[in-house]
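Trainee: I am new to this structure and would like to get to know it. Could we go through it together, one question at a time?

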Amino acid sequence: MNKTSTMSKTSTMSKTLTVIVAVATLAAGCGGGASIDDVWARPSPPTAENAAFYFTATVDEGDRLVAAESPACGRTELHISQMQDGLMTMRPADTGQLTASDGTLVLEPGGLHVMCMQLVAPLVEGDEVDLTVTFEQAGEIDLTVSIEDR
Ligand SMILES: [Cu+2]
């Protein structure tokens, strides 16, 4: 009786281990995911309702940014800025614009950005806020945004 119980426990542990190994292999098989650098945002004026987050992502070719989320924002959108009739305008980026066709996706002023809407509090130079981005293949990646007056 005692022996059966011990064996059953061992068997369960070994199954759990197999699952962990399988998940690790699967993650490695996806190409190792992504590396994301230069994650920053400008300080926001005290009355601003929105801000923009920028970063440079190195991911698998063809991977796509699908979402972003931050506790600093009521909600977020993935935007692209473009000159239109001499004015800088922005709108939600489309699938092609969010795809790292050559393995690099650059979010920078005047181009792609994470639009942080309904700012919870002003972004203050020297502070940091959390940001989680989701890529189609690399999955969720937790980032820290440095607030810098560039
Ligand atoms: Cu925007």
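What follows is a set of questions and answers about the fold, the metal site, the disulfide and the core.

Mentor: A word first: this is a predicted model, in which local features need pLDDT of at least 70, side-chain atom pairs count only at pLDDT 80 or more, and totals for chains, interfaces and linings use all residues. Residues are numbered from 1 along each chain as its sequence is written, and side-chain values use heavy atoms, with hydrogens and water left out.

Trainee: What share of the contacts between residues at least 6 apart in sequence join residues at least 24 apart?

Mentor: Contact here means heavy atoms within 4.5 Å. Among contacts in the chain between residues at least 6 apart in sequence, the share that joins residues at least 24 apart is 66%.

Trainee: Which residues are the protein donors of the copper ion?

Mentor: Donors are N, O and S atoms within 2.8 Å of the metal (3.2 Å for Na, K and Ca), and sites may look incomplete, since water is not among the atoms. Along the chain, the donors of the copper ion follow the spacing H-x10-M-x22-H-x1-M. Lying 2.0 to 2.3 Å from the copper ion, they are His79 (ND1), Met90 (SD), His113 (NE2) and Met115 (SD).

Trainee: What arrangement do the four donor atoms around the copper ion make?

Mentor: Four donors count as tetrahedral if all angles lie between 85 and 135 degrees; four count as square planar and six as octahedral if opposite donors are over 155 degrees apart and all others between 65 and 115, and anything else is irregular. Around the copper ion the donor atoms subtend angles of 99 to 120°, so the arrangement is tetrahedral.

Trainee: How many residues apart in sequence are the parts that Met90 and Met115 tie together?

Mentor: Met90 belongs to strand 5 (residues 87–92) and Met115 to strand 8 (residues 112–119). The pair therefore ties together parts whose separation in sequence is 25 residues.

Trainee: Is Met115 buried or exposed?

Mentor: Buried means under 20% relative accessible area, exposed over 50%, and partly exposed in between (1.4 Å probe, protein chains only). Met90 has 43% and is partly exposed. Met115 has a relative accessibility of 6%, so Met115 is buried.

Trainee: Which backbone oxygen does the side chain of His113 reach?

Mentor: His113 is in strand 8 and is buried, at 5% relative accessible area. Leaving out residues up to four places away in sequence, its contacts include His79 and Met90. A polar contact is a pair of N or O atoms within 3.5 Å; within protein, one must be able to donate a hydrogen and the other to accept it, and residues adjacent in sequence count only if both atoms are side-chain atoms. At 3.0 Å, the side chain of His113 reaches the backbone oxygen of Gly111.

Trainee: Which residues does the disulfide join?

Mentor: A disulfide is a pair of cysteine sulfur atoms within 2.5 Å, and the structure holds one. Its S to S distance is 2.1 Å, and the residues joined are Cys73 and Cys116.

Trainee: How many residues apart in sequence are the parts tied together by Cys73 and Cys116?

Mentor: Both cysteines are buried. Cys73 lies in strand 4 (residues 73–84) and Cys116 in strand 8, so the parts that the pair ties together are apart in sequence by 43 residues.

Trainee: Which backbone oxygen does the side chain of Ser70 reach?

Mentor: Ser70 sits in the loop between strand 3 (63–69) and strand 4, and is buried at 7% relative accessible area. A polar atom of its side chain lies 3.0 Å from the backbone nitrogen of Ala72. At 2.7 Å, the side chain of Ser70 also reaches the backbone oxygen of Asp130.

Trainee: Which residues of the largest nonpolar core touch the most other members?

Mentor: A nonpolar core is a set of buried Ala, Val, Leu, Ile, Met, Phe, Trp, Tyr and Cys residues joined through side-chain atoms within 4.5 Å. The largest one has 32 residues, and those touching the most other members are Ile36, Phe53, Phe55, Leu65, Leu131, Val133 and Phe135.

How values were computed:
Helices (H or I, at least four residues) and strands (E, at least two) are DSSP runs, numbered from the N terminus.
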